[in-house]
Amino acid sequence: MAEGVNANNCAGGHALGPNQTVSDPRLPLSPMQIFKLKKNWKGVKRRLEDTGVEMLVRLFRLEPSTQVQFKNIRHLESEDKLRMSEELEKHAGKMMASLDDIVNNIDDVDYAMDKISKVAQQHEQFQGFTAQQFLLMEQPFLDSVRIILDDRYTENMDTIYRILIKFILSNLVKAAR
């Protein structure tokens, strides 16, 4: 535990139970929310590529101009063709692997922030991409996770996923500037 912080004297004056730790103040999730997130994320992990494809299809539906930035799929005119595209599936797989790594290591904020920074740097190579475009992913992410998890996507998990994606996207924007 951090120097000067113990189970009876933590930031904000909240006493902690014997099995709790002080969470990193940069992460807006409580230790219990992190636990629930990691447990619930296992349902997404089983269908990572499906989640990623759904997320990208929803992004293109929300903001069609973003599809143009993907040279190998910009010509695909229907959602059915997009969903069948190996190129889209490959990009979705890479994207979701990064998200999976961040979620699985979210309680190691330094690691998560480093991963987020690397993802932001990777996007610098794409012509026409702006940091603000990361923010477009919020609703497609939430919608695709809700679809994949179905009845395991509860109101409580919605709150946790909203906090998570805002944390990731805002840090992607900061790292990309």
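Modeller: Let me begin with H6 and H7, whose axes come within 10 Å and cross at roughly 145°; please keep in mind throughout that this is a predicted model.

Biologist: Which hand does the crossing of H6 and H7 have?

Modeller: H6 passes H7 in a right-handed crossing.

Biologist: And which residues of H6 and H7 meet there?

Modeller: On the H6 side they are Glu138, Gln139, Phe141, Leu142, Val145, Arg146 and Leu149, and these meet Asp158, Tyr161, Arg162, Leu164, Ile165, Lys166 and Leu169 of H7. Sorted by class, the contact of H6 with H7 holds eight nonpolar residues, one polar residue and five charged ones.

Biologist: What about H5 and H7, at what angle do they pack?

Modeller: Helix H5, which covers residues 109-123, packs against helix H7, residues 155-176, at an angle of about 55°, and their axes are 8 Å apart. H5 and H7 are therefore oblique to each other, and H5 passes H7 in a right-handed crossing.

Biologist: Who makes the contact in that pair?

Modeller: H5 contributes Met113, Ile116, Ser117, Val119 and Ala120, while H7 contributes Phe167, Ile168, Asn171, Leu172, Ala175 and Ala176. In the contact of H5 with H7, nine of the residues are nonpolar, two are polar and none is charged.

Biologist: Changing topic, which residues touch the most other members of the largest nonpolar core?

Modeller: Those are Trp41, Ile106, Phe141 and Tyr161, in a core that has 47 residues. Two or more residues of this core come from each of helix H1 (31-45), helix H2 (48-62), helix H4 (86-104), H5, helix H6 (138-149) and H7, and H7 gives the most, with 10 residues.

Biologist: What does Trp41 touch, leaving out residues up to four places away in sequence?

Modeller: With those left out, Trp41 touches Leu48, Met96, Leu99, Asp100, Val103, Asn104, Phe141 and Tyr161.

Biologist: Stepping back, how many helices and strands does the chain have?

Modeller: The chain comes to seven helices and zero strands, so that from the N terminus on its elements run α-α-α-α-α-α-α.

Biologist: And how much of the chain is buried?

Modeller: Of the 177 residues in the chain, 41% are buried. As for contacts in the chain with a separation of 6 or more, 67% are between residues 24 or more positions apart.

Terms used
Residues numbered from 1 in each chain as written. Predicted model: local features only at pLDDT ≥ 70, side-chain atom pairs only at ≥ 80, totals over all residues. Heavy atoms only, no water. Axes fitted to C-alpha atoms, helices over the stretch in contact; angles between N-to-C directions. Helix = DSSP H or I, 4+ residues; strand = E, 2+ residues; numbered from the N terminus. Parallel < 35°, antiparallel > 145°, perpendicular 65-115°, else oblique. Left-handed = near helix turned anticlockwise from the far one by under 90°. Contact = heavy atoms within 4.5 Å. Nonpolar A, V, L, I, M, F, W, Y, C, P; charged D, E, K, R; others polar. Core = buried A, V, L, I, M, F, W, Y, C linked by side-chain atoms within 4.5 Å. Buried < 20%, exposed > 50% of the residue type's maximum accessible area, 1.4 Å probe, protein only.
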